[in-house]
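Subject: Structure handover and notes

Dear colleague,

I am passing on the structure below, followed by some notes on what was found in it. Please read them alongside the coordinates.

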Amino acid sequence: RRWNRTSGKSGRSGGVLREPFFSRSGAFNSTETTMRNLVATSIRRWRVPLAPNLSTPKGDDEQIVVSCYDAETRVTYVVTNACNLYGIWDDAPGGDATTLCLEMCLVEPSLACAADGDEKNMRDVTSPDDVTDVEAPDPDSNDTQHSALTSVTKIVGMVFVDDLRGVCVACATGELIVVAPDPDDDGDGDSSILTKACVPECVGKVAQGLRAMSWNPDGELLVLATWAGTLILMTKDFRVLAEAPVGGGGGNGVASLSWRGDGQFLASLVSATGKEPSLRVWEREDLAFHATGESLRPQRISSGDLLFGGFEAGDESDETKSEDATRRRLPYSPPLAWQPRGALIAVATVAQNERDDVDSDDTSASESDGGAPEKKGKENPTKPSKLTPTAASIIFYERNGLRRGEFTLPKFAVSGTTVTSIAWSSDSRRLAVCVCDPEGARASFFPSAGSGGGGEKKSDSRRRDGDGKHQHRDAAHGSAVQIWRRGNGRWYLSKQICFATCEGEKVSCTWDAVAADTLRTCTPSGLIETHVFCDEVCVSSTGTVAVIDGGAVLVTPLAKTVIPPPMAAATVTFPNSVQDVCFSPGRCIGGCVECDSFRDTNNGRLSTHTHARTLAGEHVLALLSDGRLAICSARLHTEWEETAETLMDEDDECEFKSRDFFATDDDVLLVGKIVNPVSGSHNLLEHPGDVARRVAWIDFDTVLLTTERPSDGSCSLVSIKLTKQTVGASAGLSKLAARDAGWHCEVVAVVDLPGCANAIAVAEGEPVACAFVQLQNRGQVSGDSSLNARTEKNDASANSNNVLLASAEVDTNGDFVLEVLPVTWPSGALSTSCVALKALPPVQKGGPPALCGLDGKGTLFCGEKILANEIRSFTTHFGATGTGKQSGDLSMDDSVAAAAANALAWRLWSLGDTPTGNTPTPPPRA
């Protein structure tokens, strides 16, 4: 079941890395990213100021239905269900105070009364001849009937067309609207940017209505899917070239279209109400049929949600007739995406319960409640066979319609998982999957104040604030964007970006066409985010690597043995998806070796550093997507695999019910325990809308956490105190099973940051627990006048630096203090933002710690100094060769002993000439 190690126990000579501290790597940018995690180096957020939708009876706020991006002008364009077009520059200030660069209504109010009697300027496209025979509107005419929609309608798609330097909007009622600058305009200013002076023009109308629109990657062609079940191929000048029957017409179904990266083939998913869509592949020339996808039974391709946000188009009841049809949005389309390099076509399937095996034409499944079938027509005289239940998954096809792999999606909510859209990155390495709660509201889980790890209890959607009043929990996740990657034949869930229920269920995302690591998301409520990702290695000072896979972390102690992915020494599962992960400091593991060595180094004098609080085994700390912390540990040192095996043996013998592990067909999985806040609240975040981003364990009882508040763009650094209560046999647990129970946490200090923190590098050997914090934005520290006063004494370089040093210590009154200062010394002040960081001992004896970093261009820095160029990975080492163990000593793991010896050498170098009182010198304050 697992990779066999070359040596049985730690300390044996076979297969043991004799100098494991060389495993402390800051590697980055490797082609193979199987053992790396996906982290965001930059996150920017904007909030579109949406207006009330006056076309609805209640005047609800309008919602965004489609979006697109112009890479040249760096503007994001969105269209709402009220047919309003908005534009936001990337340089606009973030948060709720976003300013718009474009605000335009696609509906001409003066046309509403005349639309029924005068349609001579709206061209009906029913055949190729109808289009080619109609001339373009006269730009010199004073008649503005062609320039806008006659009424609010549903939008099915929008694309930014580079050749037109404008956006093309497709409407369900058949109109094609183009908003672009006048090519003959010789006025001042940049004519490539859309402004209010641009006139929305209806360049054509399809009488049958439109379901979907897709432009070819080269911008020369576009394809339209009509409600009559046909595909229309047109040029960029909107002249029809060919038509083809695609099926699925005559109903209320929706459709999706996706081109291959080279634009030579087109994939389509078109369905009618209650029927499963069929994948078809078409050739570019004349829409010649190429292939159809093979059946997925018992699985079922998602046909979109026909009732999403409204009612079926065929519902003609008196109740719906009395309502304004414009307030109901179009349902979302079947998820479909063709990999840019052309190998795979991705589609989504829906979760279904056990059901009768009947013909698909005679069944209809509700995808929101699990797909329970509903038989129609004449009863079958023979009892049909049963189809097995299926889970929501992503299925891959080849161009010839044959299946080629799949992976199952984790359950996003209690009611299941619904996929609304999927998108490939431009380099085909990552797949973004937008999911939501099919019930529209997630169940909320809040741990009680005194419950142990994993002891969550159900509660309502409200919680009490500090004053004891009930407060609605707006941050309950209703949708998310999952980022998947493939390595060594396995799909990993690298990142899950969650959104509050108030943001809406239909979240959309697109990857940048040039920068493959940039993802843009948009919610119906107007939240736009841009994420820039990079790959990062999470490795402990003992050489143990942790890889995030959704709600699990794969742990492998590489200092003991190399296990090829996707296998791992141990798999730790958590109750929610993992946002970030870190390890306990290596110096805190095992016996008090560090204190003994420190005493011998100082000629027998006792050290003030009494490291009595040690951890028996290495711990992994996970930051969950809901803001909670969870923990899991090895029984001793780095024996992760032995811990899982021992727990399984104890369960067979004692039959205890700790739920500390559970077995699967492939392996034994450890279970992480929730670190319960002392206050009894659900998580450690100050506000329900806050987002936790990075976590670092800097000392035995100290953890640093970075948070952001999207509403105003504020960021904070939080110091958390960890405490461990002994849980013995009285709790009904064995000693090994209770090793992770009893952990609690408490926020002891909060410091406002001038920008969002994207990386933390722990300086493990410093006398005072500290870490470097890198910001994605430059600026000064705010919120502490004393810190700012000291900062003003430094030169101007401090203002342009984006690295801070955070130190946590206890003052003379016993209170925890978090000190955050800008890094101004040359060995620590990086001149650019880096994607891989590593803290180093001081360059000079007794000086401040140094910082080494690797930027995205492959330049390796040590502070302000450039060490090398075209670098793909790097590692650091400090200390004498050896592990610090006595010969023949098998009581401590080699990697643990090496980490302790390395930290000791760093500490002695940092202290320099220690005074007679042996008082550790704190980090420099300038």
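In which sense do strand β13 and β14 pair, and over how many bridges? Strand β13 (residues 230–235) pairs with β14 in the antiparallel sense, over five bridges, where pairing requires that DSSP finds at least two bridges between two strands.

This is a predicted model, in which local features need pLDDT of at least 70 and side-chain atom pairs count only at pLDDT 80 or more, while totals for chains, interfaces and linings use all residues. Residues are numbered from 1 along each chain as its sequence is written, and side-chain values use heavy atoms, with hydrogens and water left out.

Within that pair, L233 stands opposite A242 in β14. The strands (DSSP runs of E, at least two residues, numbered from the N terminus) belong to an open sheet of four with the order β11-β12-β13-β14 and antiparallel pairing. Because β11 (210–215) and β14 (240–245) each have a single partner strand, one side of each is left without a neighbour in the sheet.

D893, in the loop between β57 (865–868) and α6 (894–911), has a side chain in polar contact with that of T638 (3.0 Å).

Best regards

Methods:
Polar contact = N/O pair within 3.5 Å; in protein donor to acceptor, adjacent residues only side chain to side chain.
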